[in-house]
Amino acid sequence: MTTDRGRDIVVGVDHSAVSVAALRWAVDEAAASGRRVVALRAWTFEPVYDLGAAVAGTPQAAEEIQRRELDDVIAQVKKDHPAVEIEGRLVEHTPTVALEDASRTASMIVLGSHGRGRLLTMLVGSVAEHCLREASCPVVVIPARTVPEPEKTHEKVPVDLEGSYYPGPLL
């Protein structure tokens with residue numbers, strides 16, 4: 001596979017460990033090829049569906065939270081390759097639309113795959129699957145199984161009175 005050395009490597013960055021791994025992979029590739037990295041974070045302000053947006057209260061506050069989280073991820077990854085230029089880009093849109101648009105001028109798109117399986121993919125969609133079908137440039141997918149998630153706190157799982165598990169809302 002050949003890519004245009006002069007164009008950016010675009011990485012989809014969300015709040016997951018696998019997206020940080022995707023950004024690290026892209027920065028390593030950029031260091032070897034002399035390209036620049038664009039860490040793209042798509043966001044929307046939909047307080048009805050998104051608890052983070054509801055807590056933020058206003059679109060401006062939600063955007064500031066997204067910016068801060070993106071900057072934190074970039075700073076974390078930049079430590080290993082300070083010479084590689086990483087631009088943080090916030091796009092107010094869905095991840096699929098933002099990444100498909102970015103693919104038109106990128107040398108490649110790099111994404112982490114959450115590996116949620118077929119059932120959840122049918123219910124909520126898959127950004128990686130969409131980009132593999134619709135992107136205008138090569139797409140690199142870093143699988144979730146290659147990235148250990150950070151330690152989670154042991155929370156009690158909600159149960160009903162008979163002991164049946166309630167998974168909570170999917171969206």
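Reader: Which residue meets Asp-80 in a salt bridge?

Author: In this predicted model, the side chain of Asp-80 takes part in a salt bridge whose N to O distance is 2.9 Å. Asp-80 belongs to the loop between H3 and S3 while its partner belongs to helix H1, so the pair ties together parts that are 56 residues apart in sequence. The partner is Arg-24.

Reader: Which residues are linked with Glu-87 in a network of salt bridges?

Author: Besides its salt bridge with Arg-36, Glu-87 meets the side chain of Arg-89 in a salt bridge at 3.1 Å, N to O. Glu-87 is partly exposed at 24% relative accessibility, and Arg-89 is partly exposed too, with a relative accessible area of 29%. The residues linked with Glu-87 in the network are Asp-8, Arg-36, Glu-85 and Arg-89.

Reader: How many salt bridges does a search of the whole structure find?

Author: The pair of Asp-80 and Arg-24 is a salt bridge, and so is the pair of Arg-36 and Glu-87, as the cut-off is 4 Å between a side-chain nitrogen of Lys or Arg and a carboxyl oxygen of Asp or Glu. When the whole structure is searched, the number of salt bridges found is twelve.

Reader: Which element gives the largest share of the largest nonpolar core?

Author: The largest nonpolar core has 28 residues, and Val-11, Leu-23, Val-37 and Val-110 are those with the most contacts inside it. Elements that give two or more residues to this core include strand S1 (9-12), helix H1 (17-33), strand S2 (37-43) and helix H3 (59-78). The largest share, eight residues, comes from H1.

Reader: How many residues are in the other core, which has Val-10 among its residues?

Author: This other core lies apart from the largest one, and among its residues are Val-10, Ile-109, Leu-111 and Ala-128. Its number of residues is 14.

Note on methods. Residues are numbered from 1 along each chain as its sequence is written. This is a predicted model: local features need pLDDT of at least 70, side-chain atom pairs count only at pLDDT 80 or more; totals for chains, interfaces and linings use all residues. Side-chain values use heavy atoms; hydrogens and water are left out. A nonpolar core is a set of buried Ala, Val, Leu, Ile, Met, Phe, Trp, Tyr and Cys residues joined through side-chain atoms within 4.5 Å. Buried means under 20% relative accessible area, exposed over 50%, partly exposed in between (1.4 Å probe, protein chains only). Helices (H or I, at least four residues) and strands (E, at least two) are DSSP runs, numbered from the N terminus.
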